[in-house]
Amino acid sequence: MAKVLVVDDDASLRALYTKELTYEGHEVAVAASGKEALESIDVSRPDIVVLDIKMEGMDGLSALDEIMKLDRTIPVILNTAYSTFKSDFTTWSADAYVVKSSDLKELKETIDQILQAH
Amino acid sequence: MGTETDRTAELEARSNHLEQSNQRMRLLLEMLSLVQGADDLEATLRIILTCVTSGYSLGFNRAFLFLLDKGGKTLRGSLAVGPMSVEEAQEIWKNIEERAQGLEDTVSASSAGGLEGDRELTEMVRDIRISVGDGASLLDTCLSDGTPIVITDLSAVSESDVLRRLGSSSFVCAPIVTGGHPIGVVVADNLITGRAPAEEQVNLLRMLGNQVGEIVTHASHHDDIERRLRELSTLNEVCKGILSTTDLETDLGLIVRISAQVLNAHGAALRLVEDDTGALVTQALYGETPDEEASGEGAQEIAERVARDGEPLLMGSGSSGSESDTGDVHTRNLICVPLTKAERVIGTLTVFGRGETDSFGSGGFGEDDLRFLSVLGGQAAIAIENAKLFSSLRKTQQRIRELHKHLLRSERLAALGELSSQVAHEIRNPLTAIGGFARSIERRMDSDDPERDSIETIIKETERLERILTEQLCFAKISPPEFNSEDINEVIRETVNLFTERIESRHANLEMNLAEAMPAMSIDAGKMKQVLVNLVQNAVEGILDGGNIRITSNRLDRVAEIRVANDGPPIPPEILDRLFVPFATTKASGTGLGLAIASEIIYEHGGTIDVTSDAESGTVFLISLPLTLDGDRRRGPIDRRSVMNDRRRFGRVP
């Protein structure tokens, strides 16, 4: 049972992640942009953040930077349609990288492992 | 009265004698005028000797001619005229006397007939060589004294004198002189009739020797010039020939063949200095006799000496004392010249064993031949260098073409990647939502729910779409390979294991033949597996039910070869050409990227991938991978970041 913040500009995905992660027993909060995410973190301090990289306005990587400035201890999982960002060094500060898939098994397992490690 | 009768008889005899002499003088003049019209040295000499043996003229049985060589050190037997036996003599003389009306007829009859005796005698006399200045032979004495020698008793001839080989006990030697210098000796005898040479005959022979000297010298010069001209024109042809081909192998073959043919030799060998080792290696041979046998000293050693000194070498009779007089001069003669380009020796050209010569008198190579071969060698060197340059140019061009082809493909892939990353985002998000919710619904469904099939279909199809997207994105940015020391055979085995079930379900027959002594290779095992999975999958899909699949690995000198073959229906040529081009798929279910990615991966490994397909041998994919990983082999830049990816996956990077 943890507080998970899902940041994605796609409403359907926010709905899916909320439903699935709630089903796993997590308390899920959502944000539709980097700006919203920072506000949410500031207010509710989640245990972990699932962050989409490519979003309108402030993109995920800038958001990641801001989150790190705000609180370096919050683990961040980058979640995106691109596997290409895997080799982009700006993603190094993230704790994990999971490519989007309709099968959420990998994402769920990654969340569990990171939470256990903390 | 008796005295008167005697005087009359004496006068008559004198008159007869004068008439005979007169006739002989006329014949001598006739001979001289005939000789003027002869077109080469041999014809000239034949006319002279025919005159010596003609009953109309000097009337000897046999005549032999020896000429001084150019150096003036050796008398060589050149030509002989005469029968071998009494029977032949009678036959010939009868025929000639019946038909011939004069010297001209006799000459044309004897040269046109190509008499058996003449040929045999000539062969015998050409084997005779007499060194000048040591007085060992009467011929030598005759030459140096400049006066005729008449022998009527064989005891006056030394036991060792080669003249004894002529077989007659009485004969005349007369020098052939021009401008006060002797240039040869003519020997005449009466072996058949057994008559001692008459004084008259001796005098005439001396006159003849004095008269024909200049003619012989002219004819000999004429022959030289003719030969030189012939050689020049041959050389011209040869040079045109070898300079017009640009293929090295053809060139070398042409050079040795022509060298041997022009010099009338048994064979020729061409050696080249290897660029990397500096070793002199035989590259082309012509002729029946291997040149190793051509000389007492190993031909290879001779060639190496010539290459080292950069000086041509003539070995054979009449040259320096590097050989003895035993053995067959035909096989012992050898010329070796260096092939020099820009003062650098690039190889050697050896010509060995002169065959039966049609040129006059000489059985071995001479200075002229050496000069000729040297000039040819110079041209050959240019031709060889040209061919080498062309060959490297061709290789470079081919490399550029390959690079160009690769570049085109890469550009296409890059453009594709650009498109992919834009579209992927737009597609993957909704796809994730569709599939994700479908799974969510499926999880809550009863196992006997009538809609369960439908939801499972949605999940399955979503997965397929996602897989295609992943493959495309894989392409959009292919991560750099991670080389590790791996056993390629193990990668092959692992790959094949993945297909066990599918191979069984198709009743296929799998044959694996992996090289035992395959060294560890520097490869990206994961990527190599991706390539092999693709090829094996193609093979499994390519065969008919119950078909054959063969997978082999081979170790060659510098590369490892992996073949994945199947005996399914052949791939049509127009498709075969575009097999490695992105999206050129023929399969309904494929993305058209598998082989394009495979080819990209093999390229990164510094290897090549090729395919052949026909009805006889089926479809064969051939991968060649270099066995050593040189610096320039890694075409893709190594990205250290990719090494860190996995460590970063769980847990914070410090």
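**Salt bridges, cysteines and strands in a predicted model**

Helix α2 (residues 34–44) of chain A holds both Glu39(A) and Lys35(A), which sit 4 residues apart, or about one turn of the helix. The model examined here is a predicted one. In it, the side chains of Glu39(A) and Lys35(A) meet in a salt bridge, with an N to O distance of 3.8 Å. The two partners fall into separate classes of accessibility: Glu39(A) is partly exposed, at a relative accessible area of 44%, whereas Lys35(A), at 57%, is exposed. Lys35(A) counts as exposed because its value of 57% is over the 50% that marks the exposed class.

This pair belongs to a wider set. Side chains of opposite charge can pair when their charged atoms come close. Over all chains, the count comes to 27 salt bridges. One of them links Asp8(A) to Lys100(A), with the closest N and O atoms 3.0 Å apart. Asp8(A) lies in the loop between β1 (3–7) and α1 (11–23) of chain A, and Lys100(A) in the loop between β5 (96–99) and α4 (105–117) of chain A, so the pair ties together parts that are 92 residues apart in sequence. As for their setting, Asp8(A) and Lys100(A) are both buried.

Of the 118 residues in chain A, 53% are buried. Contacts in chain A between residues at least 6 apart in sequence were also sorted by separation, and 61% of them join residues at least 24 apart. The accessible surface of chain A is about 5100 Å², and carbon and sulfur atoms account for 51% of that surface.

Cysteines were considered next. A disulfide is a covalent bond between the sulfur atoms of two cysteines. The search of the whole structure finds 0 disulfides over all chains. Cys173(B), for instance, is in no disulfide, and the nearest cysteine sulfur, that of Cys142(B), is 5.2 Å away. That pair does not qualify because a distance of 5.2 Å is not within the 2.5 Å cut-off for a disulfide. Cys173(B) is buried, at 0% relative accessibility. Cys336(B) is buried as well, with a relative accessible area of 0%.

Strand β10 (residues 334–341) of chain B is mostly covered, with 6 of its 8 residues buried. Strand β9 (residues 313–315) of chain B pairs with β10(B) in the antiparallel sense, over 3 bridges. Within this pairing, Met315(B) has Leu334(B) of β10(B) as its bridge partner.

Terms used. Residues numbered from 1 in each chain as written. Chains lettered and ligands numbered in written order. Predicted model: local features only at pLDDT ≥ 70, side-chain atom pairs only at ≥ 80, totals over all residues. Heavy atoms only, no water. Salt bridge = Lys/Arg side-chain N within 4 Å of Asp/Glu carboxyl O. Helix = DSSP H or I, 4+ residues; strand = E, 2+ residues; numbered from the N terminus. Buried < 20%, exposed > 50% of the residue type's maximum accessible area, 1.4 Å probe, protein only. Contact = heavy atoms within 4.5 Å. Areas by Shrake-Rupley, 256 points an atom, 1.4 Å probe, with all protein chains shown as cover. Pairing = 2+ DSSP bridges.
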